[in-house]
Amino acid sequence: MEHHSPEEKLQHPINHARITEGMDVDSLVQAMCGCAFGAGKLADAVDIYHEMLAGGSTSFFGLAGAMVPAGMRCIVADLIKDGYIDVLVTTGANMVHEIVESMGLHHYKGCSQCDDIELKHEEINRIYDVYLPEPYFVDFEEKMQAIFSDMGSETISIRQMMTHIGNHIDDKDSILKIAADMNVPVFCPAIQDSMIGLQAWLYKQKNPLKVDAFEDMREIIDLCYEAKRPGALLIGGGVPKNYIFQSMLITHQEFEYAIQLTMDTPETGGLSGATLDEARSWGKVSETARSVTVHSDATITLPILVAAARSRLAKE
């Protein structure tokens, strides 16, 4: 921890935000940069993300939480399409909902205060205030079983399986399809913990399906070795955050940029709330890295972060 004199501590007065008519998202964020609390943190995050993208850093993107069913799917897909994500690490659940959307089946805005027993009888699944009809999973099962049947009998990695799935999707907004088309690897280290994993297990009961869960580690570690001034944008935490950080841990590099959008706090010792400063003690984030954690709902901060950074890049 750095120690500063009283004079050094009082160099930056609070600059009160001024909102004007017609200001764009980047202008709004710049108006927040002299503020404290979450506003200042979000402005810092935009500065770091912009520098990371403008400098051509190898960009790792960790996607946890229920971001796809909540409506963040196209933001991620467009970042991949436009070359702003080099490596995506995500959860099986997000990819389940991604595949459901790619089939033309929609998630619906519902209510967080409702009768869940009534929803069960109506065959409606709830994710906070998102509704998803249970019958959709019949279509999902048919889709996945057809994809698995075309996978062959050779041993493949989970990343190769995700690319294979992406190659069997016909939807211009699909994260998996765009990633496959752009040759961007999608790692899903906890794939078993999802409906994709359940469908794979069901298929495997009567058919050959060989997936090596450890083979991905060679590929992502190689990507970490070859990364240029590596940066990580982490939505939530959990498995994606740890998988990204642990893969860099055994290389000669450390992350030079790190941004985390989370609502979890560090007091419980859980990784999702662990500070990025804590990651420095492990040698995952470099001592001189630009980093910030923004404690807020990522469905609010992610769109603002991406919109402001992309607007700033477009002005250059």
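Predicted model: local features only at pLDDT ≥ 70, side-chain atom pairs only at ≥ 80, totals over all residues.
Visitor: Thanks! How are H2 and H14 oriented to each other: roughly parallel or roughly perpendicular?

Guide: Helix H2 spans residues 25-32 and helix H14 spans residues 298-315. They pack with their axes 8 Å apart, at an angle of about 110°. Because angles of 65 to 115 degrees fall in one class, H2 and H14 are roughly perpendicular.

Visitor: Which residues of H14 meet H2?

Guide: On the H2 side, the contacts come from Val25, Asp26, Ser27, Val29 and Gln30. Their partners in H14 are Ile304, Ala307, Ala308, Ser311, Arg312 and Lys315.

Visitor: Let's zoom in on Ala308. Is Ala308 buried or exposed?

Guide: Ala308 is found in helix H14, and it touches Val25, Asp26, Val29 and Val46, leaving aside residues up to four places away in sequence. Its relative accessibility is 0%. Buried means under 20%, so Ala308 counts as buried.

Visitor: What separation do the C-alpha atoms of Ala308 and Asp26 have?

Guide: Asp26 is among the residues that Ala308 touches. Along the chain, the two are 282 residues apart. Their C-alpha atoms, however, are separated by 4.1 Å.

Definitions and conventions. Residues numbered from 1 in each chain as written. Heavy atoms only, no water. Axes fitted to C-alpha atoms, helices over the stretch in contact; angles between N-to-C directions. Helix = DSSP H or I, 4+ residues; strand = E, 2+ residues; numbered from the N terminus. Parallel < 35°, antiparallel > 145°, perpendicular 65-115°, else oblique. Contact = heavy atoms within 4.5 Å. Buried < 20%, exposed > 50% of the residue type's maximum accessible area, 1.4 Å probe, protein only.
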